[in-house]
Amino acid sequence: MVSGSVPSEAGRRLPRATSVRAADLLHRAREHERAGCTVEAQGCYRDAVAEAGRTGEWAIEAEALRRAAVLHHHRSEHQAAQEACDRSYEIAARNGDQVLAAEALNVRAGFATEHGDIEAARATFLRALGMGGASAELRARIEQNLGVLANVQGQLDEALEHYTRSLEAYRGAGNEHGCALAFHNLGMISADRELWEEADGYFDQSRAIAERLGDLHLQGLCLLNHSEVFVARQQFESAKRSAEGALAIFDQLGAQLDKTDAYRVIGVVYRETGRPALAESRLRSSIDLAGANGLVLCEAESSRELALLYQGMGRNQEALSLLNAAHRLFGGLDARADLVDVGRKVAQLEATFLAVVRDWGQSIESSDTYTFGHCERVANYAAAVARDLGLDDPQVTTVRLGAYLHDVGKIRVPHEILNKPGRLTDDEFDIIKMHPIWGLDLLEGVEFPWDIKPIIRWHHEKCDGSGYPDRLRGDEIPLHAMIIGIVDVYDALTTTRSYRPAMTPEVALAEMERCRRWWRADVYEAFGRAIADSGEAAGEAGAKALQPGTALEGQAAA
Ligand SMILES: [Fe+2]
Ligand SMILES: [Fe+2]
């Protein structure tokens, strides 16, 4: 064996390859690879290919090429990886070795998976399965890969079938370690499908084998993933024990990626069991460790969990900042179709965003007894108007989030002004008029993936320039802000306020008709259709008229 003291310029430091058999070179390369000496391994593979080519040992040549391809791939030498893999396939196919050719296809499909070309990957795996099915060992690995692919695409039933077939094939091949891997994957998929007891059984079986065979890393993974199953079932004591066992193993192995996951689960357990300080510290450890190691997905997920902790503590701005950071991290993963479930995680993150914002909006309402439910209604009407105007999903989300926070600045308006029975004095109304600006103050330093700040600032502007705080006119008013503005007026009119009873929808719509110069025609019309569709205006014919002209021209829409 070549000693570690040789300079790392591999390939040149070997004794002349001609004196060494190709099989020995291949063996030597494998040893370097296992020891993590990639450069040395690459050199030996190169020599093995050359020597086997010279002596006509095509099977060794094909094998060395395939293994070299994987190494190239790990070093991001994609062109070289592809070429070596293709040569391996050609040599095996030319010599009629179906299994060896299928091995090369399996590797090629693996590359396609990592490049996000899922369809090409699947087709190539299936071809490999057709060619190399005679080898139970290879069949087991290909089925496992097909299971991962199905999992990435959220096809859980299909993934389950592949993992089950993989397990059978590993059993057939007498490969216990393979069985342990298959049990682990079956545990994961069972957990995804919320089949908790099956998951328990699979993780236990996998871990038992891993223990017997001394695979420490797999033991840790079983403990970690099992702990998430315990969390989902709210069995926090078991979850903590399991995650801490995993953390101890990963610590010993120096497995950073897995440690970030373990810290996250432990943090979640502390959060859910009412120990916020410990939860914060573990989740921070997870985020920091993930950040330091470039583990984007882990960092995003742990940020989301910490945001939920802050939300529970009423630290809404911090929660939103973290969620925004997580959203940005996910954004950078767009092209990584090989990552399991990114789509689902982004959706989960956006739902959390909405929940935090909605919660915060509602906590503001609780200081103003007359407007309870205002934000939720404004959000629903505004989303309907936005859709009627043909806005796309992200814009509808923008409008909805803006609706929840449009009045966030009212936190600073004294309670007795917000709830004053009777008309406000001009001075009091001037204070109310500050709420769009105070709203932006409160959100200073909080960035959003959606552009909601214009909504907060300008939802009281009117096309004729009579609004506040900036007296914008016409098209100066952003569309999203105007949508919130119009439904805000409608909701204010149709709910009871401290200074007047609620108007019926008909009366409110009639009032608004008189003031339609306040809004763009298309917005006004879309609003009318959305209200009609909501069914609210129907069947309220006997509306009693209120004193005309009072509500709208004055203060109602604050
Ligand atoms: Fe407002
Ligand atoms: Fe409002």
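In sequence, the donor residues of the iron ion (ligand 2) follow the spacing H-x31-H-D-x80-D. His374 sits in helix H18 (residues 374-388) and His406 in the loop between H19 and H20, so this pair ties together parts that are 32 residues apart in sequence. Helices here are DSSP runs of H or I with at least four residues, strands are runs of E with at least two, and both are numbered from the N terminus.

Some bookkeeping before I go on. This is a predicted model, in which local features need pLDDT of at least 70 and side-chain atom pairs count only at pLDDT 80 or more, while totals for chains, interfaces and linings use all residues. Residues are numbered from 1 along each chain as its sequence is written, chains are lettered from A and ligands numbered from 1 in the order in which they are written, and side-chain values use heavy atoms, with hydrogens and water left out.

Back to the iron ion (ligand 2). The atoms coordinating it are His374 (NE2), His406 (NE2), Asp407 (OD) and Asp488 (OD), at 2.2 to 2.4 Å. A donor is an N, O or S atom within 2.8 Å of the metal (3.2 Å for Na, K and Ca); water is not among the atoms, so sites may look incomplete. The four donor atoms subtend angles of 71 to 173°, which makes the arrangement irregular. For that label, four donors are tetrahedral if all angles lie between 85 and 135 degrees; four are square planar and six octahedral if opposite donors are over 155 degrees apart and all others between 65 and 115; anything else is irregular.

His374 and His406 are both buried, meaning under 20% relative accessible area, with exposed over 50% and partly exposed in between (1.4 Å probe, protein chains only).

Which residue bridges the two iron ions? Asp407 does, and the iron ion (ligand 1) and the iron ion (ligand 2) lie 3.7 Å apart.

The iron ion (ligand 1) has Asp407 (OD), His435 (NE2), His459 (NE2) and His460 (NE2) as protein donors, 2.0 to 2.2 Å from it. Its four donor atoms subtend angles of 84 to 178°, so this arrangement is irregular as well. Asp407 counts as buried because its relative accessibility is 7%; His459, at 2%, counts as buried too.

Last, the cysteines. Searching the whole structure gives zero disulfides, a disulfide being a pair of cysteine sulfur atoms within 2.5 Å. Cys179 is buried at 8% relative accessibility, and Cys375 is buried at 4%.
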